[in-house]
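Please examine the arrangement of helices in the model shown below, together with its surface.

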Amino acid sequence: MAVPAPHALADRSRQAAHSAAGHARPWLARAARLGYAASGLVYLTLGLLTLQTALGTGRVEDSRGAIATLAEQPAGQLLVLLVGVGMLGYAVWRIVAALTDAEEKGSEPKGLAARAAHAVSGVLHGVLGVFALRLLGGSASAGDGGPGWTARLMAVPAGRWLVGLVGLAVVGYALQQLWKAVQVKLDRQLDLSRVDAGERGWIERAARLGIGARGVVLTIVGGLILTAALRYDASRATGLDAALTTLARAPMGSVLLALVAVGFMAYAVYQFVRARYRRVASV
């Protein structure tokens, strides 16, 4: 009787894990999918706003500005409510999955780093969700938040070093995103067994473009945070809008902004695909 090769056993184990992943708690799976859809809606709006800026008919905005813009559209209140609830649902799923290691990242340093990144992602999405709900209640505006976190963090002991560590973490994550854009492996997270080859090709191209665009912008964001730490200047803008402004001021800035805008919209498509086909791990 032939003994399966180690790589064959690993493949079977991975397939079994993927099969089991479809049996997450129903409410948690729905929360995760709604979160991906909400993220897609925000990125679609952000892409359109960035494209307007590239064409000279708008100004740069960050995620909060995109949500505030959604609120001004027809049925905007409903859209913002969906974004708020979706972001909070996604936050719960990300944090719970990170704590329980639902996606089997492991307890080695690399796995712990991935789980920590997922938890941080959950917290950041939760903050956006709270902002969206506060916006509905009239207790928040697009200008809330700003770069003030840099000043607050620098005010604590060793704050300058903490800001620098944040900058390094953002740059590290951005580089990982750029590498991910090169080596897109959709089967690891998406169940595309019922998608034909042509549609799968379009999904893969959207994923590459969208993830790559995020990687470029996050690299700039991380660089701005590091610059603020190195110069000990908490007043320096360090957010997404600052990164887009930096791009706009570069040679051929309008072209670069337009490419990033298309990338954001491609990432929105990828998020919608994830909302439909993402394997949500058992928790």
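Which residues make a nonpolar surface patch of about 450 Å²? The patch is made by L34, L78, L81, L82, V85 and L133. Patch residues have over 30% relative accessible area and no salt bridge, and nonpolar side chains are joined within 5 Å. This is a predicted model, in which local features need pLDDT of at least 70 and side-chain atom pairs count only at pLDDT 80 or more, while totals for chains, interfaces and linings use all residues. Residues are numbered from 1 along each chain as its sequence is written, and side-chain values use heavy atoms, with hydrogens and water left out.

Helix 4 (residues 76-100) contributes the most to the nonpolar patch, with 4 residues. L34, by contrast, lies in helix 2 (residues 26-54). Helices here are DSSP runs (H or I, at least four residues), numbered from the N terminus.

Helix 4 also packs with helix 5 (residues 109-137), at an angle of about 155° and with axes 7 Å apart. Helix 4 is therefore roughly antiparallel to helix 5, a term for angles over 145 degrees. Their contact comprises 19 nonpolar, 8 polar and 2 charged residues.

Conventions
Patch = residues over 30% accessible without salt bridge, like charges linked within 9 Å, V, L, I, M, F, W, Y side chains within 5 Å. Areas by Shrake-Rupley, 256 points an atom, 1.4 Å probe, with all protein chains shown as cover. Salt bridge = Lys/Arg side-chain N within 4 Å of Asp/Glu carboxyl O. Helix = DSSP H or I, 4+ residues; strand = E, 2+ residues; numbered from the N terminus. Axes fitted to C-alpha atoms, helices over the stretch in contact; angles between N-to-C directions. Parallel < 35°, antiparallel > 145°, perpendicular 65-115°, else oblique. Nonpolar A, V, L, I, M, F, W, Y, C, P; charged D, E, K, R; others polar.
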